[in-house]
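Hi,

Here is the structure I promised to pass on. Have a look at it first, and then read on for what turned up when I went through it.

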Amino acid sequence: MKRHVSFFALPLPIILAALLLLPQQGGPVQTEPDLPTEEVTVSFYADYPTYPSLEQMCDAADIIVTGQYTEYLSSWNMNRDASDPSKEDPNTYSEGRLYAFQVDQVLKGQAPEAITVNKQYSLGARYYVGQVDGEHVYAPYQMPTPYCIEPEYGRSYILFLSYDPQFDHYFAVGEPWEILLRPDGSAELKSLIFGDEPQAAPLSAEAKTEDAIYRIIVENDDIGRYEDFIAPLSAEQVMEQIRSALS
């Protein structure tokens, strides 16, 4: 029997690691001489702000910019030490990925010509595997989030952002937050939860103990949950609606 656990995928600069305590599914499959592999299905959903219109996106964002992603910079631990947020949590890890973004135009707020955009890539999670001598035993792993979409470098984007002054990072205001402007004049909403569910392989991860390997298959009820309101619009119409919402 499955049990839903909420993973908070809010694009905040400080994110605590989530704990995954879901029952196992399927039987053991022997893939190594000493360690059986067991397939586990977990459910993911996020308490994430969603904006079903350009007007609401504009209202929610502190900063709106156009420009291009230029390169991947590095990854970092988004889990911070509770006593000193400038330091990473020494016990948990949730991966953020940092990308360089060249700003062409600032439509709302203030931003320099070059900014660093943070995308939450994975959550630190633990799978409960049982008890040993009365103590709970967990297998740690990195759970990939379904909200991190790799950028198309050199392509024109509109980003709806918030800003973290402590780390000088810009991050998603919610979902959706990226619009890709195609060379043919069309616009594409870069979000997995808006529009039809993509036919892609499910996200997966691996947790390991001394006794077994657990292959984690991630289910996400959010995928394709909302209508894509950008699809009928051209890039020019998107820009016109943003300017109108900000006027």
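Leaving aside its neighbours within four places in sequence, which residues is Glu150 in contact with? They are Arg97, Tyr99 and Lys119. Before you read too much into any of this, bear in mind that the model is predicted.

You'll find Glu150 in the loop that runs between strand S10 (135-144) and strand S11 (156-164). Glu150 counts as partly exposed because its relative accessibility is 41%, and the cut-offs for that class are 20% and 50%. Its side chain joins that of Tyr99 through a polar contact of 3.0 Å. Lys190 is also worth a glance: 40 residues separate Glu150 and Lys190 in sequence, while their C-alpha atoms are 9.7 Å apart in space.

Tyr99 comes up again from another side. Lys119 lies over the face of Tyr99, 5.8 Å from the ring centre. So for Tyr99 we have a polar contact with Glu150 and a lysine over the ring, because a charge counts as sitting over a ring when NZ of Lys is within 6 Å of the centre and within 35 degrees of the normal.

Now the aromatics. The count is 10 aromatic pairs. One of them is Tyr69 with Tyr157: the ring centres are 5.0 Å apart and the planes stand at 85°, so this pair is edge-to-face. Since Tyr69 belongs to strand S4 and Tyr157 to strand S11, the pair ties together parts that are 88 residues apart in sequence. Both ends are covered, with Tyr69 buried at a relative accessible area of 0% and Tyr157 buried at 1%.

Compare that with Phe194 and Tyr226, where the centres are 4.9 Å apart and the planes at 25°, so the pair is stacked. This pair also links distant parts of the chain, 32 residues apart. Phe194 is in the loop between strand S14 (187-189) and strand S15 (204-208), and Tyr226 is in the loop between strand S16 (213-220) and helix H2 (235-246). Phe194 is buried, at 4% relative accessible area, whereas Tyr226 is partly exposed, at 24%.

Ring pairs also link Tyr69, Tyr72, Tyr99, Phe101 and Tyr157 into a cluster, and Tyr99 in that cluster is the ring with Lys119 over its face.

On to the strands. Strand S8 (residues 114-120) is mostly covered, with 5 of its 7 residues buried. Strand S7 (residues 95-108) pairs with S8 in the antiparallel sense, over 7 bridges, and Ala100 has Thr116 as its bridge partner in S8. The S7 and S8 hairpin has 5 residues between the strands, and Gly109 takes a positive phi near 80° there. S8 also pairs with strand S12 (residues 169-172), this time in the parallel sense and over 2 bridges, with Phe171 as the partner of Asn118 in S12.

Is Asn79 buried or exposed? Asn79 is buried, with a relative accessible area of 1%, and its side chain makes a polar contact of 3.1 Å with the side chain of Ser94.

Cheers

Key. Residues numbered from 1 in each chain as written. Predicted model: local features only at pLDDT ≥ 70, side-chain atom pairs only at ≥ 80, totals over all residues. Heavy atoms only, no water. Helix = DSSP H or I, 4+ residues; strand = E, 2+ residues; numbered from the N terminus. Buried < 20%, exposed > 50% of the residue type's maximum accessible area, 1.4 Å probe, protein only. Contact = heavy atoms within 4.5 Å. Polar contact = N/O pair within 3.5 Å; in protein donor to acceptor, adjacent residues only side chain to side chain. Phe/Tyr/Trp six-rings, centres within 6.5 Å; stacked < 30°, edge-to-face > 60°. Pairing = 2+ DSSP bridges.
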